[in-house]
Amino acid sequence: MSVVFDKGKIRMARQDTNSTCRMTVAFKMALCAMALLASYAGTADAQSLRISGTVLDENSRRPIADVNISYGEDRGASTDAAGRFTLTIPDAGRAGAVRFRHIAYEPREIDATQLHGTVTILLQPRIIPLQSAEISGRRPEGIAAREMQISVKAIEADAFDGRGYLDVGDLLHAEHVLQVDEEFSGRKTLSMRGGNPDDVIVLFNGMKLNENSDNMFDLSMIDLADIERVELIKGSNTTLYGPDAFSGVINIVPADERPYTVRVQQQIGSYDAGIWSGQLYRRFGAWNAGYSVRNGASSRFYADVADAALRNSFIAHAAHIGWTLPGANAQTAGKFLLNFRYADNDYSNERDEENLDQRSIIAVGQYSGSVFGSEGFLLSAGWSGLRRDVALGTATNTLSRATDDGTVQARLEKTWGIGSADILISYQFSGGELDAEETASTILRQPVGFSRYSIQRQQHSFVGIGKLRGETGSSFLRHFHFDVALRHDMLNDRLSNSELRAGSSGAVLPTFGDWSHSLFKFAVGVSGMRDDILLDIFLSYGNNVKFPTLAQLVSVPALIDPTLSVDRLEAETNRSVELGASLTRTFSGRLISGWELNGGVFQNSYTNKLRSISTPGLPFDLYDNVDDASITGLEASAGVYFAGKVVLAEVGVSRYFISDLAAFPFRSESKQTISVSANYSGHSLRILAFHEGEQIGILRLPDGSFAETVLPAFRNLDVHVASSFSLGGLGAFITVSLRNLLNDSSVLLSGLALRDRRYYVTIGARY
């Protein structure tokens, strides 16, 4: 074998070999760099930890919103309305704890290495919420946070959502300071602290719902399915939402954030009742929207007429749109919320040939946040309307009455924080109109009064509230507060399109004009706290005013008897003083986890108290003024928490001393409640026993004399059982409600069972 050498080829081969070697080295270096990057990335992915899950209440298994979740100094997240969260930890191998904190729950820390994938975190409710221990007084969020220091209570959704309550009125009858009256038509009104139903203001997210005709609102028209909480402000010394609130305020707060996408439920029960409802909710970035529908009917049969029934049917729609505007922080970020509600209730009395159709519309828009960089603004506007048609007809009597009640409202508020003081200034406008028309042909009714009228009212109000907080220097009673409030109202009433019945040709017509009144109120108090105890004491004093309603203005006694000479009603005024206190204590590691005591005494003194006079033969009540009246009240409640708030036992007692029963007809002077609630692992039980004292009313007879009518005292027992469970991503629940277990149907009123036993079963699912 021979080899031939070519020097040129050898040089070229050497060059190719060197180039190949250089390319191979570069390629290998690139591969090594990519491998190192991939290895580093894989190592980084392996060392980071992504945690997602849900935070639930340990007892009720309900999701908890706004839980602060943190790891180290710079990693954090918070839960949404469904309790969901996602948290990424950059170095899973480093020791450290993930902290879960919420003002109403005990904090919890879990080692990061124990959290993998999707987890469920359970938090134990606090007896004393952290917020209460950090600020002076026990102030819930909402309207009470902007009011003076007064007696307040917030009923959160977890106390009623999915518990089988029919409506807001059904929920509130368990409160020992409230009396709920239910008419056979299904209308529910309430009174507070021994006062009349028109002494309570009902709000929907801060918008007044009371009707212009009688200053009351039908609570059965508000479903609980999409309500976040119900706020009770007890007493006459509320300023922002007076006048007229002689007994207190009920504020119904709708839920804009919801822990589901779809929810449906079906309820069946007594009186052949069938009620179904459905809700939808969706979040789109900074936007969220929801819709609800509720439809149902029931029939009650008379004991004295075969095949004659009292039939009720209703349908209700509700919708909302929410939008959170961007901001540097929670204080500067604005929030806009629009709520719309429509309800149509029909009532048919087949025995007496009566029909009632009422339709209600509520639309409220609200913005809170900063305006042009200035924080602390609240702007709201809304419209509410109620159409009610009544028809009665027999062989000898016919009556047709139609009323249109509409109100436009607007409010502007601005708050400032100056050191330890807060100042609120508010302007409020309300424009209402009541149109009524009635035709009657009867041998029983007197042909007097207005057969047609239209009344307009405009109201301008100016409010100023100043709140000062400070330290006392004491080791226990650390904080004091001093609040002052001023309010000035100006009203103008006009009557138009009026027409009198033939029998009123010689009657004295009521007079109309302007109203103006100023209010002054103040409150002082001290708060004490340490790790396991919280004490709050306050004293409030103020005056208030209630102007006659539009229907009362055209229902004066001079319409039927000119000699009575009452052709204009006076504004009713009130002076109120209240002393209240609450004491809460907690224990660790005991069967009894804590207890709470609340008590108070108040006195309301009335001048020119508006009094209703019912006269047989008249299609309406008459009104006049009583010179003086008063209510003195004593209220107390106690609660004991067991096993970390798994069980709560409560007792409530109220006693009222009423000077003039004619001015407060059919008000119970006493009420006692006892309730036991248990929540464990998504299952709940509530037993409520209550007793209401006798109710006395004064009726005027056709000859002008008065007669006393007494409704006897009664007691009863309600039981609510609820259970919820999960099936994958689907949640299901069932509730059973048993009402009035101590009474049977032997007590009749107008042929219908009164305070009889009832039951309701509700099943539902959510996703």
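Visitor: Why is Lys153 called partly exposed?

Guide: The relative accessible area of Lys153 is 33%. Buried means under 20%, exposed over 50%, and partly exposed in between (1.4 Å probe, protein chains only). The value of 33% falls in between, so Lys153 is partly exposed.

Visitor: What are the ground rules here?

Guide: This is a predicted model, where local features need pLDDT of at least 70, side-chain atom pairs count only at pLDDT 80 or more, and totals for chains, interfaces and linings use all residues. Residues are numbered from 1 along each chain as its sequence is written, and side-chain values use heavy atoms, with hydrogens and water left out.

Visitor: What makes Lys153 and Glu175 a salt bridge?

Guide: Their side chains meet at 3.0 Å, N to O. The pair joins distant parts of the chain, 22 residues apart: Lys153 is in strand S8 (residues 151–156), and Glu175 is in the loop between helix H3 (168–172) and strand S9 (178–182). A salt bridge needs a side-chain nitrogen of Lys or Arg within 4 Å of a carboxyl oxygen of Asp or Glu. At 3.0 Å, the pair qualifies. Helices (H or I, at least four residues) and strands (E, at least two) are DSSP runs, numbered from the N terminus.

Visitor: Is Glu175 buried or exposed?

Guide: Buried, because its relative accessibility is 10%.

Visitor: How do you know that Lys335 and Asp256 form a salt bridge?

Guide: Their closest N and O atoms are 2.9 Å apart. Lys335 is in strand S19 (residues 335–349) and Asp256 in the loop between strand S14 (248–254) and strand S15 (262–269), so the bridge ties together parts 79 residues apart in sequence. Lys335 counts as partly exposed at 37% relative accessibility. Asp256 counts as buried at 7%.

Visitor: What is the state of Asp489 and Arg487?

Guide: The two form a salt bridge, with 3.0 Å between the closest N and O atoms. Asp489 and Arg487 are both buried. Elsewhere, salt bridges with shared partners join Asp198, Asp199, Lys546, Glu572 and Lys609 into one network. How many salt bridges does the structure hold? The count is 35.

Visitor: What makes S8 and S12 edge strands?

Guide: The open sheet has five strands, in the order S8-S13-S14-S11-S12, with mixed pairing. S8 and strand S12 (207–208) each have a single partner strand, so one side of each has no neighbour in the sheet.

Visitor: How do you know that S11 pairs with S14?

Guide: Two strands pair if DSSP finds at least two bridges between them. Strand S11 (residues 200–204) and S14 have five, and run parallel. That meets the rule. Phe204 stands opposite Ile252 in S14.

Visitor: Which other strands pair with S31?

Guide: S31 pairs with strand S33 (residues 670–680) in the antiparallel sense, over nine bridges. Glu650 has Ser675 in S33 as its bridge partner. Strand S30 (residues 622–642) is also antiparallel to S31, with twelve bridges. There, Glu635 has Ser654 in S31 as its bridge partner. The S30 and S31 hairpin has four residues between the strands, and Ala643 takes a positive phi near 50°.

Visitor: Why is the Tyr427 and Phe462 pair called tilted?

Guide: The structure holds ten aromatic pairs. In this one, the ring centres of Tyr427 and Phe462 are 5.4 Å apart and the planes stand at 45°. Rings of Phe, Tyr and Trp (its six-membered ring) pair if their centres lie within 6.5 Å; planes under 30 degrees apart count as stacked, over 60 as edge-to-face, and the rest as tilted. An angle of 45° is neither stacked nor edge-to-face, so the pair is tilted. Tyr427 is partly exposed at 31%. Phe462 is partly exposed at 40%.

Visitor: Why is the Phe602 and Tyr656 pair called tilted?

Guide: Their planes are at 50° and their centres 6.1 Å apart, so the pair is tilted. Phe602 in strand S29 (residues 592–613) and Tyr656 in strand S31 (residues 647–658) are 54 residues apart. Both are buried.

Visitor: What makes Arg300 sit over the ring of Tyr271?

Guide: The charged end of Arg300 is 4.4 Å from the ring centre. The rule asks for NZ of Lys or CZ of Arg within 6 Å of the ring centre and within 35 degrees of the ring normal. Lys414 sits over the ring of Phe377 in this sense, 5.3 Å from its centre.
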